[in-house]
2 protein chains.
Amino acid sequence: MSGAPRTGPYVCGLDAAMDVVGGKWKSLILWELRQGARRFGELRRGLPGVSERVLARQLREMEEDELVHREVYPVVPPHVEYSLTEQGRSLYGALESLGAWGRRRIARIGAARLDVEHAGG
Amino acid sequence: MSGAPRTGPYVCGLDAAMDVVGGKWKSLILWELRQGARRFGELRRGLPGVSERVLARQLREMEEDELVHREVYPVVPPHVEYSLTEQGRSLYGALESLGAWGRRRIARIGAARLDVEHAGG
DNA sequence: CTGTATCCAGCATGATACTG
DNA sequence: CAGTATCATGCTGGATACAG
């Protein structure tokens, strides 16, 4: 997964939730935005490996899903800020226990990535 | 996503968790096994749309990730039971708040699937 | 019943170049 | 800076047939 989410039919809540966070970078985008707005370039630098095209696309999908708000400042050079909507924040909250599970798993198998600044999540 | 999980490097716990649960049917498999063992055919019937190949593959990956236990009874005809391991149960637990979020989302957008028996999840 | 072996298609993801 | 346009590709997921 995933491209644009399905909008159902869903078998259960897990199904629906995975549908909107399933994109390769989406949970990481939520993570990046968890404490405030970020500009496109900041997100790009914070997500080592994303291409511009893919980042833009996943952000648009999350915007359609009302998880992310896109604020455009009509200045030169362009300035765009992304932030979590209320739904985005609640989704991030719902993902916290999953993140904790993942951290325990990383500890078990020893697969942490130490070359990024936010390795605490 | 996803094929065989990466085994890192991971940026954060969310990353690691999404890696093992990102397969199209994996969260649903967790859901199916949440209350006890199931046979291959039962899972297949409970997951409308999976092909044998894909179901077998995702189960093998979850087995490698130690989320699922595969018990083979050497009888004729073959009898195999799948169940959650301790880690699988803890992952399912960590997913519950996400499932709740998804149910709220379904309620908002009205995308529930009513033709399956376990639409409560 | 529980799979594996092939073959296939689509799409998500990527790299790069170019634009307002 | 913040994208879009194009083109390339790998891989997940799917259909079907066959096997122990």
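With which residues is B:Q87 in contact, leaving aside its neighbours within four places in sequence? In the predicted model, these residues are A:W101, A:R108, B:D65, B:E66 and B:L67.

B:Q87 is placed in helix α5 of chain B, which spans residues 86–109. With a relative accessible area of 17%, B:Q87 is classed as buried, because the value lies under the 20% cut-off. The side chain of B:Q87 is joined to that of A:R108 by a polar contact of 2.8 Å. Within chain B, B:Q87 and B:E66 are separated by 21 residues in sequence, while their C-alpha atoms are 6.7 Å apart in space.

The interface as a whole was then examined. Two salt bridges are found between chain A and chain B, together with nine residue pairs in polar contact, both residues being at pLDDT 80 or more. On the side of chain A that touches chain B, the elements giving two or more residues are α1 (13–21), α2 (26–33) and α5 (86–109). Of these, α5(A) provides the largest share, 16 residues. By residue class, this side of chain A divides into 25 nonpolar, 13 polar and seven charged residues.

In total, 45 residues of chain A are in contact with 45 residues of chain B. The two chains bury about 4100 Å² between them, of which 69% is on carbon and sulfur atoms.

Definitions and conventions. Residues are numbered from 1 along each chain as its sequence is written. Chains are lettered from A and ligands numbered from 1 in the order in which they are written. This is a predicted model: local features need pLDDT of at least 70, side-chain atom pairs count only at pLDDT 80 or more; totals for chains, interfaces and linings use all residues. Side-chain values use heavy atoms; hydrogens and water are left out. Contact means heavy atoms within 4.5 Å. Buried area is the accessible area (1.4 Å probe) that two parts lose on being put together, summed over both. A salt bridge is a side-chain nitrogen of Lys or Arg within 4 Å of a carboxyl oxygen of Asp or Glu. A polar contact is a pair of N or O atoms within 3.5 Å; within protein, one must be able to donate a hydrogen and the other to accept it, and residues adjacent in sequence count only if both atoms are side-chain atoms. Helices (H or I, at least four residues) and strands (E, at least two) are DSSP runs, numbered from the N terminus. Ala, Val, Leu, Ile, Met, Phe, Trp, Tyr, Cys and Pro count as nonpolar, Asp, Glu, Lys and Arg as charged, and the others, Gly among them, as polar. Buried means under 20% relative accessible area, exposed over 50%, partly exposed in between (1.4 Å probe, protein chains only).
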